[in-house]
Amino acid sequence: MPAPRFIQWEGQEWSINRLARAYHLPTSTLNHRLERFGETATGIQRALATGIVDCRTAGRIGATRSPWRYPG
């Protein structure tokens, strides 16, 4: 099992698990966002502020952006 990962946020040291629970995010989602956005103050803020989309909504968004959509 990997060692817990800690980051500094709002003057406190947080584990990724505890921070994800505090912001109602899956731990894996927060971890991937931090890898993408970085562990700077701006990257952490962006990772926590980005919302969660359910699979049905994601499908609708993808369908409107797809070049393969049906003409309507």
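I began with the contact itself, keeping in mind that this is a predicted model. On the H2 side I found Leu30, Arg33, Leu34 and Phe37, and these meet Gly43, Ile44, Arg46, Ala47 and Leu48 of H3. I sorted the residues of this contact by type and got six nonpolar, two charged and one polar.

Next I looked up the geometry. Helix H2 spans residues 27-37 and helix H3 spans residues 41-49. Their axes lie 9 Å apart, and the packing angle is about 140 degrees. That angle makes H2 oblique to H3, since oblique still applies here and roughly antiparallel would need an angle over 145. I also noted that the two helices cross in a right-handed way.

Then I turned to H3 alone. Which residues of H3 are buried? I listed Gly43, Ile44, Ala47 and Leu48. They sit on the same side of H3, because the arc they cover around the axis is only 125 degrees. What do these buried residues pack against? I found three partners: strand E1 (6-9), helix H1 (16-22) and H2. On the face of H3 turned away from the buried side, I noted the exposed residues Ala41, Thr42, Arg46 and Ala49.

My last stop was Asn31, which belongs to helix H2. Its relative accessible area is 23%, so I wrote Asn31 down as partly exposed. I also checked Asn31 against Gln12: the two are 19 residues apart in sequence, and their C-alpha atoms are 18 Å apart in space.

Conventions: Residues are numbered from 1 along each chain as its sequence is written. This is a predicted model: local features need pLDDT of at least 70, side-chain atom pairs count only at pLDDT 80 or more; totals for chains, interfaces and linings use all residues. Side-chain values use heavy atoms; hydrogens and water are left out. Axes are lines fitted to C-alpha atoms, for helices over the stretch in contact, and angles run from 0 to 180 degrees between N-to-C directions. Helices (H or I, at least four residues) and strands (E, at least two) are DSSP runs, numbered from the N terminus. Angles under 35 degrees count as roughly parallel, over 145 as roughly antiparallel, 65 to 115 as roughly perpendicular and the rest as oblique. A crossing is left-handed if the near helix is turned anticlockwise from the far one by less than a right angle, and right-handed if clockwise. Contact means heavy atoms within 4.5 Å. Ala, Val, Leu, Ile, Met, Phe, Trp, Tyr, Cys and Pro count as nonpolar, Asp, Glu, Lys and Arg as charged, and the others, Gly among them, as polar. Buried means under 20% relative accessible area, exposed over 50%, partly exposed in between (1.4 Å probe, protein chains only). The arc is that of the directions from the helix axis to the C-beta atoms.
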